[in-house]
Amino acid sequence: MSTSFLEQITNGLLSLVYPDNCTICKSPHTNNPFFICTPCQKMITLNLPPFCAKCSRHLRNPEKNILCPQCQKTNPVFDQAWAATRYTNAMKNLIHLFKYKNKTALCHLFSNIIILFIKNYHINMNQYDYIISIPLHPTKLRERQYNQTDLLAETLSKEFHIPLSKNNLIRQKYTKTQALLNEKERWTNTKDAFRIRHPSNFLGKSILIVDDLITTGATVCEAAHALKRAQTKYIGVLALSIT
Ligand SMILES: [Zn+2]
Ligand SMILES: [Zn+2]
């Protein structure tokens, strides 16, 4: 078997695995495992310091405040949240594709961005007993067929050897899509949305919640409330993006 024939097979297989067009701009590009071209990758804005001491939102006035306006207003119940990117147009498009358009392959790129963030900012992952993802309501899960945050949580669980806790945090209330609501409605919408099925499993444990996006923080705060009721010791949040 000649080398060129082998190469042909390999390239053929690669083009099956890695489609030739960029997920965002559709431009043809050389095979790459992230499914998006280099110019599009560069449009992703990483979340950079100065960070809000609570939620890691980029601070505009670090000399005046250590908390972002949102955290000053709402006083979140989680202990600490981190987000790897800022929710600019590129991230908006990408998260939409990831969430609603079956582009689950983006999980690879997103996990890489989050892992890099964790390493850059020396986030202590050893402290966590469990990783959990924000669950979808069963009805929504049936409609969408997959939960994009499960995919992120699974990858992070493997990378950092933290057990993934599935089905203990459950969504007991069918909520409207947060993106369609204003700030006040978002808090009412998620109120009592979550429940812990077996509280004793989380008693005294440190839990890391994985989510794709922090906007007002209403969803993660409501999940954190449920965890607090189960008497967890520490609640961290890790998100792909923050507004
Ligand atoms: Zn592109
Ligand atoms: Zn904040």
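Modeller: Happy to. A residue is called buried under 20% relative accessible area, exposed over 50% and partly exposed in between (1.4 Å probe, protein chains only). On that scale, 46% of the 243 residues of the protein chain are buried. This is a predicted model, where local features need pLDDT of at least 70, side-chain atom pairs need 80 or more, and totals for chains, interfaces and linings use all residues. Residues are numbered from 1 along each chain as written, chains are lettered from A and ligands numbered from 1 in written order, and side-chain values use heavy atoms, without hydrogens and water.

The chain folds into ten helices and six strands, taken as DSSP runs numbered from the N terminus (helices H or I, at least four residues; strands E, at least two).

Let's begin at the metal. Four cysteines hold the zinc ion (ligand 2) through their SG atoms at 2.3 Å: Cys52, Cys55, Cys68 and Cys71. Donors here are N, O and S atoms within 2.8 Å of the metal (3.2 Å for Na, K and Ca); water is not among the atoms, so sites may look incomplete. Angles among the four donor atoms run from 105 to 115 degrees, and the site is tetrahedral (all angles between 85 and 135 degrees). Cys52 and Cys55 are both buried.

Now to Phe51 and its ring partners. Rings of Phe, Tyr and Trp (its six-membered ring) pair with centres within 6.5 Å; planes under 30 degrees apart are stacked, over 60 edge-to-face, the rest tilted. That rule gives eight aromatic pairs. Phe51 and Trp82 form an edge-to-face pair, because their planes stand at 85 degrees, with the ring centres 5.7 Å apart. Phe51 sits in the loop between α2 (38–43) and α3 (69–74), while Trp82 belongs to strand β1 (residues 80–86), so that this pair links parts of the chain 31 residues apart. With a relative accessible area of 17%, Phe51 is buried. Phe51 also meets Tyr121 edge-to-face, the centres being 5.1 Å apart and the planes at 75 degrees. Tyr121 lies in the loop between α5 and β2 (130–133), so this second pair ties together parts 70 residues apart in sequence. Tyr121 itself is partly exposed, at 26% relative accessibility.

Charged pairs make links of their own. The structure has five salt bridges, each a side-chain nitrogen of Lys or Arg within 4 Å of a carboxyl oxygen of Asp or Glu. One of them joins Lys99 to Asp212, 3.4 Å from N to O. Lys99 is in helix α4 (residues 89–100) and Asp212 in strand β5 (residues 206–214), so the pair ties together parts 113 residues apart. Both Lys99 and Asp212 are buried. Another salt bridge runs from Lys119 to Glu159, with the closest N and O atoms 3.5 Å apart. This one connects helix α5 (residues 106–120), which holds Lys119, with helix α7 (residues 148–160), which holds Glu159, across 40 residues. Lys119 is partly exposed at 48% relative accessibility, and Glu159 is partly exposed at 36%.

Notes
Tetrahedral: all angles 85-135°; square planar, octahedral: opposite > 155°, others 65-115°.
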